[in-house]
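Here are a few exercises to work through with the model open in your viewer. Try each task yourself before you read the solution.

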Number of protein chains: 2
Amino acid sequence: MTAKGSTSPDLLLMLDRSRPRSLRVQIEAELRRAIRAGRLQPGSALPSTRALAVDLGVTRGVVVDAYDQLTAEGYLLSRPGSGTVVSPATARPASSPPTVPADAGVDVDFYAGESDLDGFPRSAWARATRTALQTMPTSELAYGHVQGIPSLRHELADYLGRVRGVDAAPEHILVGHGFNHVFGLVSRVLRDSGRTIFAVEDPGYDRARAGLESLGIAYRGVDVDDNGLVVDQLRATGARVVVVTPAHQHPTGVVLTPERRHELVDWAQSVDGYVIEDDYDAEYRYDRRPVGAVQGLAPDRVIHAGTTSKALAPGVRLGWLVLPPALVDRVADHRRTTDGSTSGILQATFASFLGNGDLDRHLRRMRRVYRQRRDGLVAALARWLPELTPSGAAAGLHVLVRLPPQADESEVVDRTLAAGVRVYPLAQYRPPHGRPLPPALVLGYGSVTPQQSDHGVRVLATTLEEALRTRSGRR
Amino acid sequence: MTAKGSTSPDLLLMLDRSRPRSLRVQIEAELRRAIRAGRLQPGSALPSTRALAVDLGVTRGVVVDAYDQLTAEGYLLSRPGSGTVVSPATARPASSPPTVPADAGVDVDFYAGESDLDGFPRSAWARATRTALQTMPTSELAYGHVQGIPSLRHELADYLGRVRGVDAAPEHILVGHGFNHVFGLVSRVLRDSGRTIFAVEDPGYDRARAGLESLGIAYRGVDVDDNGLVVDQLRATGARVVVVTPAHQHPTGVVLTPERRHELVDWAQSVDGYVIEDDYDAEYRYDRRPVGAVQGLAPDRVIHAGTTSKALAPGVRLGWLVLPPALVDRVADHRRTTDGSTSGILQATFASFLGNGDLDRHLRRMRRVYRQRRDGLVAALARWLPELTPSGAAAGLHVLVRLPPQADESEVVDRTLAAGVRVYPLAQYRPPHGRPLPPALVLGYGSVTPQQSDHGVRVLATTLEEALRTRSGRR
């Protein structure tokens with residue numbers, strides 16, 4: 001490296017002649033840096049172009065160009081007769097410290113929201129991207145596909161009809177960036193249509209509630225029993241929109257019964273309301289084929305929402321709505337003025353991935369992995385905590401474990417975390433003002449191997465015992 | 001194909017034994033279809049499982065399974081003693097007709113929002129995707145990267161500092177889905193902080209105004225003169241946020257002068273306000289290096305917003321904010337409850353694309369293409385409409401052409417469209433209640449070859465002459 005420093009008392013500029021960037025660009029960058037760092041104060045005079053050029057061993061034209069550029073950008077002021085000075089308004093704000101991840105020291109994390117990211121089919125996705133880029137029409141790289149590119153909507157309609165019993169025409173589908181995004185879009189449109197009160201499951205998905213709060217939408221919790229959402233209670237809420245997880249209730253794992261499905265649809269008809277069906281992990285059922293979507297029963301009253309987050313990975317960031325025909329234009333119009341559309345490249349990739357059977361192959365493989373992990377967790381519970389039985393269908397990526405009634409959820413969570421194992425309290429899934437529920441934990445096994453489950457549950461058994469002992473001692 | 005139809009009067013099910021899908025799945029799909037299409041009415045009885053099995057030549061177990069599945073999904077009801085019937089609530093809504101694209105018959109489209117999509121570097125993007133998928137950490141496939149994955153934020157900070165003079169630390173960057181998305185995020189946060197009135201350029205970017213309207217934010221138009229936004233007028237609006245395009249005003253093409261840059265920053269300081277800098281096509285300047293971003297002058301008062309839509313293609317759907325430190329957490333918190341994050345795969349791909357110099361190479365190539373197209377359009381204007389001179393810096397992807405004062409913009413647009421050439425009126429870029437401006441057209445050349453420009457402008461010259469003749473005849 002050959003560096004040369006200027007000798008002006010105000011200004012030390014380091015130029016690196018071995019680097020490909022032009023000397024002019026280097027001079028500019030160094031001057032900006034000096035101004036920002038406060039080494040060149042507002043109002044202070046710069047050397048003349050001639051002096052700096054001699055100093056740096058460059059032609060004067062290079063320095064003149066650099067000064068001109070920085071003057072155009074507002075860093076410098078050129079005053080006739082008195083040379084070039086640093087502009088005012090270049091004071092620096094203090095920068096915030098970098099954030100540190102909080103997960104140091106956790107051996108096992110039973111987070112329920114995660115699929116097995118190591119299982120993501122990286123090569124198949126790269127191949128699908130190449131195929132997509134080789135074949136997608138140029139128009140799909142443009143603006144304007146508010147509902148999504150046609151090829152993906154066709155593939156999705158076919159897939160959802162075949163696998164989930166959804167009655168999906170491509171023109172009723174809207175593709176967005178995951179469940180939370182598309183849920184926000186349709187919720188906003190329903191709110192603006194005068195449906196200002198929503199109902200949610202209690203317990204239920206916390207991020208859906210956060211999305212409603214962000215939109216300023218009021219919601220009421222509705223109990224979930226062994227048949228799923230209690231529709232009788234829903235009727236009393238005054239809500240005209242309800243968010244449900246019929247295939248595998250989040251987090252209890254209950255499957256909504258046929259009777260309740262019909263009650264739900266009848267309720268929607270009777271209040272001129274809508275059901276938002278969050279089909280979040282319907283791909284994973286281990287004992288039988290998954291029960292089909294409620295949407296198929298009443299496509300004019302049910303908004304079906306799906307995502308790649310569990311089937312593939314959250315990092316794909318695709319989600320979709322199958323909308324009642326009456327809502328399509330309103331949701332599309334709202335979408336047009338917010339984020340506009342979803343990456344055409346990403347959509348074309350997923351269309352190729354669906355169309356060539358990659359998703360089916362991936363799901364077959366992952367079902368084996370997750371069944372094994374579920375079995376591992378259930379076996380660990382039977383071994384270390386035989387008095388607690390996990391509830392819910394043999395499906396999804398998590399189980400619910402009810403604790404002894406005298407246990408305190410957050411105490412157990414804290415003690416277990418201190419021992420290096422992260423478990424999640426049922427409280428996290430509950431809207432405010434719900435009826436008291438027995439204490440329980442939600443244990444996700446999507447990214448937890450059987451070996452890790454065994455270790456994690458053993459730790460949990462110890463900390464739970466300690467917590468119960470301390471508690472009874474206190475009484 | 002071997003098909004077999006059942007002979008029951010109510011029910012004709014077609015099974016295809018040559019297809020890989022199981023007979024049970026086929027029976028279910030056929031039954032769903034028959035119920036949805038109304039061929040099986042609510043309440044009507046299904047054949048017994050035994051009869052249907054004989055009819056279709058399958059084992060009875062297959063039919064029992066299919067009935068069970070459809071009962072669980074709510075399509076069928078099983079009544080003890082009276083067999084299986086179709087459930088109520090299965091009526092079909094009318095489906096809306098498919099939309100037809102409106103662009104048939106347009107030979108040349110001078111749309112200003114588009115880059116040359118044929119120039120999109122498909123192979124390089126596919127390679128960058130493969131590299132990204134081979135090297136990205138598993139954690140980048142998870143939830144939680146609200147501001148964007150670290151590798152992309154580092155690459156962006158480097159790129160924006162180097163090419164745009166932006167003072168960008170990775171921890172102040174937020175990556176989203178294009179300009180409109182990130183603009184909406186920060187606008188919402190500024191509104192909620194009590195900055196309820198915004199100012200926009202007049203003329204200015206129409207989709208920014210639409211975004212504000214969608215958020216219910218009031219805005220005032222501020223004139224643009226030959227030095228850019230008139231800051232004196234801005235002071236009188238009461239606004240505390242302004243949206244500007246300093247590098248190449250959209251659509252006049254004016255570059256904001258150094259004096260105005262300082263006035264703008266001073267204004268923001270004095271009202272405790274913010275400048276949203278839309279750096280939409282700053283990569284394209286043909287006569288000199290582009291003037292750097294205003295953000296570098298006052299990183300605590302300027303929100304810098306950029307996107308891949310012009311540099312690459314709208315179908316990539318990436319955009320970013322460089323935020324004042326005081327706003328980072330609030331914007332990130334809001335983002336967490338709306339769409340959550342942007343595809344990690346897409347981000348890792350762009351990080352690789354930036355890091356290995358692909359973007360620089362692509363921009364060098366496209367600058368040559370666009371300069372040629374701009375020259376082609378300017379030459380066509382000189383040839384067919386020599387009395388009109390395009391205005392604005394030699395930059396970007398469009399020019400502004402002022403019409404003779406007696407011309408009517410929308411009449412010219414309509415006549416020209418009828419002749420197969422789409423041009424865009426200045427009116428489209430104007431907020432309501434602005435002062436009268438002389439008629440003008442905005443002509444984009446990003447996807448228009450010199451040959452197409454010549455044809456398009458020749459048509460425009462004819463239709464403009466007709467319009468003017470009719471108009472003077474009317475007087």
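A salt bridge here is a side-chain nitrogen of Lys or Arg within 4 Å of a carboxyl oxygen of Asp or Glu. The model is a predicted one, where local features need pLDDT of at least 70, side-chain atom pairs count only at pLDDT 80 or more, and totals for chains, interfaces and linings use all residues. Residues are numbered from 1 along each chain as its sequence is written, chains are lettered from A and ligands numbered from 1 in the order in which they are written, and side-chain values use heavy atoms, with hydrogens and water left out.

**Exercise 1.** Find the salt bridges across the interface of chain A and chain B.

*Solution.* Step one: apply the rule across the interface, and two salt bridges turn up. Step two: pick out one of them, A:R289 with B:E28, whose closest N and O atoms are 2.2 Å apart. A:R289 sits in the loop between β11 (274-278) and β12 (302-307) of chain A, and B:E28 is in helix α1 (residues 23-36) of chain B, so the pair joins two chains. Helices (H or I, at least four residues) and strands (E, at least two) are DSSP runs, numbered from the N terminus.

**Exercise 2.** Work out how much area is buried between chain A and chain B, and which residues of chain A supply it.

*Solution.* Start with the contact (heavy atoms within 4.5 Å): chain A brings 89 residues and chain B brings 88 residues. Next comes buried area, the accessible area (1.4 Å probe) that two parts lose on being put together, summed over both. That gives about 7400 Å², with 53% from carbon and sulfur atoms. Finally, A:R122, A:Y143 and A:R289 supply 12% of what chain A buries against chain B, more than any other three residues.
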